[in-house]
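Please keep the sequence and the structure in view while reading.

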Amino acid sequence: MKLVLNGKQINCSASLTVSELLIEQKVKMPEMVSVELNGQILRRHEFDSTILKEDDQVELLYFMGGGN
Amino acid sequence: MKLTEQQIERYSRQIILEEVGGAGQEKLLTSKVLIVGAGGLGAPAALYLAAAGVGTIGIIDSDKVDLTNLQRQVIHHTEDVGVDKVVSAQNKMRAINPDVTIRTYRTRVNAENISEIIREYDFVLDGTDNFPAKFLVNDACYFEKVPFSHAGILRFDGQLITVIPEETTCYRCIFHSPPSAGVVPSCSQAGVLGVLAGVIGSLQATEAIKYLLGIGDLLTDKLLTYNALTMEFRKIHLNRNPNCLLCGRNPKITVLKDEEQVICHLKGDK
């Protein structure tokens with residue numbers, strides 16, 4: 001299945017949940033990622049239950065705490 | 001206010017810009033910007049805002065200059081090691097531009113003190129280095145209705161977003177609440193490229209000036225991300241989150257509170 005991840009088209013397994021996508025994409029610390037799916041920010045508890053579809057637009061937004 | 005001849009000469013390179021002009025320069029000179037944190041992000045922002053003639057600049061920091069700061073906090077010099085950061089920053093801003101009134105706050109922001117400080121300002125720049133402070137700045141600016149620029153940096157990555165409270169996507173719309181302890185490294189543990197702070201802090205100063213002048217398109221409802229290794233800038237379009245704990249339809253946060261400080265460890269650290 002194709003979807004757009006952070007602006008780039010990727011191939012991933014069909015019917016993945018958001019949690020599974022994070023694993024498949026080897027996101028090391030999923031707790032530091034917020035996920036926007038087709039323009040809407042997901043709630044963390046929705047990661048397991050949200051199934052991705054062909055051509056979904058997914059943005060992984062990372063916590064960045066530095067500034068000093 | 002009327003510009004003096006010396007001011008017209010000092011600011012000539014931006015007064016000549018159609019979007020700024022004499023009226024814009026006068027607007028800057030009567031504007032007030034608060035910089036929270038005189039560190040990596042705050043340093044370039046303070047220098048450029050002072051140079052541009054923002055009339056009143058407030059700067060908050062409780063720390064003293066440390067040798068490890070000098071690699072990126074370009075407002076502090078070698079002889080400032082051991083000096084209060086707000087004093088060091090004030091000296092440099094004054095040296096650049098005596099037109100500017102500097103207000104220093106040698107304190108750590110918390111839910112008790114931040115609101116009365118920020119309500120004095122037209123725009124706030126978040127240059128803090130930890131999650132509780134970033135959420136506090138977001139929440140306080142929301143309650144006081146003060147627009148601000150949020151930014152974060154780590155290693156070779158940086159990101160920023162401008163927030164107009166009640167109108168555009170806020171930091172909590174995206175990130176809900178601070179990550180749990182132990183998952184997100186800090187700059188002191190993970191490192192940061194010095195010039196990255198300069199890039200992102202300068203972009204924050206750009207947003208402040210655009211907001212004050214009412215020109216251009218602000219970075220609202222868009223998170224700008226930057227990676228120094230790939231030299232890639234990306235603008236991620238965002239929408240306000242109806243489930244936002246702060247500005248959503250059923251807000252859970254109705255009064256300003258401090259988030260707990262999490263102690264960050266890199267994976268593998270004990």
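This is a predicted model: local features need pLDDT of at least 70, side-chain atom pairs count only at pLDDT 80 or more; totals for chains, interfaces and linings use all residues.

## Chain A

The secondary structure of chain A consists of one helix and five strands, and along the sequence these elements follow the pattern β-β-α-β-β-β. The C-alpha trace of chain A spans about 40 × 25 × 25 Å along its principal axes. Chain A has a radius of gyration of 12 Å, which agrees with the value near 11 Å that a compact globule of 68 residues would have.

Five strands of chain A form an open sheet in the order E2-E1-E5-E3-E4, and the pairing within this sheet is mixed. At its edges lie strand E2 (8–11) and strand E4 (40–41) of chain A, each of which pairs on one side only.

| Strand pair | Sense and bridges | One residue pair |
|---|---|---|
| E1(A) and E5(A) | parallel, two bridges | Leu5(A) and Val58(A) |

## Chain B and its sheet

Chain B has 10 helices and eight strands. Its radius of gyration is 18 Å, close to the 18 Å that the globule rule gives for 270 residues, so chain B is as compact as a globular protein of that length. Along its principal axes, the C-alpha trace of chain B spans about 60 × 45 × 40 Å.

The strands of chain B that form its open sheet of eight follow the order E3-E2-E1-E4-E5-E6-E7-E8, again with mixed pairing. Strand E3 (101–105) and E8 of chain B stand at the edges with a single partner strand each, so one side of each of them has no neighbour in the sheet. From one strand to the next, the twist averages 15 degrees. At one end of the order, strand E7 (residues 222–227) of chain B runs antiparallel to E8(B), joined by six bridges, and within this pair Leu224(B) has Lys235(B) as its bridge partner in E8(B).

H4(B) packs on this sheet, where it touches strand E1 (32–36), strand E2 (56–60) and strand E4 (123–126) of chain B, and its direction makes about 165 degrees with that of E2(B).

## Helix H4 of chain B and two other helices

Two packed helices are described by the angle between their axes and the distance between the axes. Helix H4 (residues 42–52) of chain B and helix H10 (residues 194–213) of chain B pack at an angle of about 40 degrees, with their axes 7 Å apart. That angle makes H4(B) oblique to H10(B), and H4(B) passes H10(B) in a right-handed crossing. Residues that make the contact include Gly42(B), Ala45(B) and Leu49(B) of H4(B), together with Gly198(B), Gly201(B) and Ala205(B) of H10(B). By class, this contact has 10 nonpolar, five polar and no charged residues.

With helix H5 (residues 85–96) of chain B, H4(B) makes a crossing of roughly 30 degrees, and the two axes come within 9 Å. H4(B) and H5(B) are therefore roughly parallel to each other, and this crossing, too, is right-handed. Ala46(B), Leu47(B), Ala50(B) and Ala51(B) in H4(B) meet Ala89(B), Lys92(B), Met93(B) and Ile96(B) in H5(B). The contact of H4(B) with H5(B) has seven nonpolar, no polar and one charged residues.

## Where the chains meet

How many residues of chain B are in contact with chain A? There are 34 residues of chain B in contact with 18 residues of chain A. Helix H7 (131–144), strand E5 (148–154), strand E6 (157–163), helix H8 (171–175) and strand E8 (232–237) of chain B each supply at least two residues of the side that touches chain A, and E5(B) gives the most, with four residues. The residues on that side of chain B divide into 16 nonpolar, 14 polar and four charged.

How values were computed
Residues are numbered from 1 along each chain as its sequence is written. Chains are lettered from A and ligands numbered from 1 in the order in which they are written. Two residues are in contact if their C-beta atoms, placed from the backbone, lie within 7 Å. Ala, Val, Leu, Ile, Met, Phe, Trp, Tyr, Cys and Pro count as nonpolar, Asp, Glu, Lys and Arg as charged, and the others, Gly among them, as polar. Two strands pair if DSSP finds at least two bridges between them. Axes are lines fitted to C-alpha atoms, for helices over the stretch in contact, and angles run from 0 to 180 degrees between N-to-C directions. Angles under 35 degrees count as roughly parallel, over 145 as roughly antiparallel, 65 to 115 as roughly perpendicular and the rest as oblique. A crossing is left-handed if the near helix is turned anticlockwise from the far one by less than a right angle, and right-handed if clockwise. The radius of gyration is taken over C-alpha atoms; the globule rule is 2.2 Å times the number of residues to the power 0.38.
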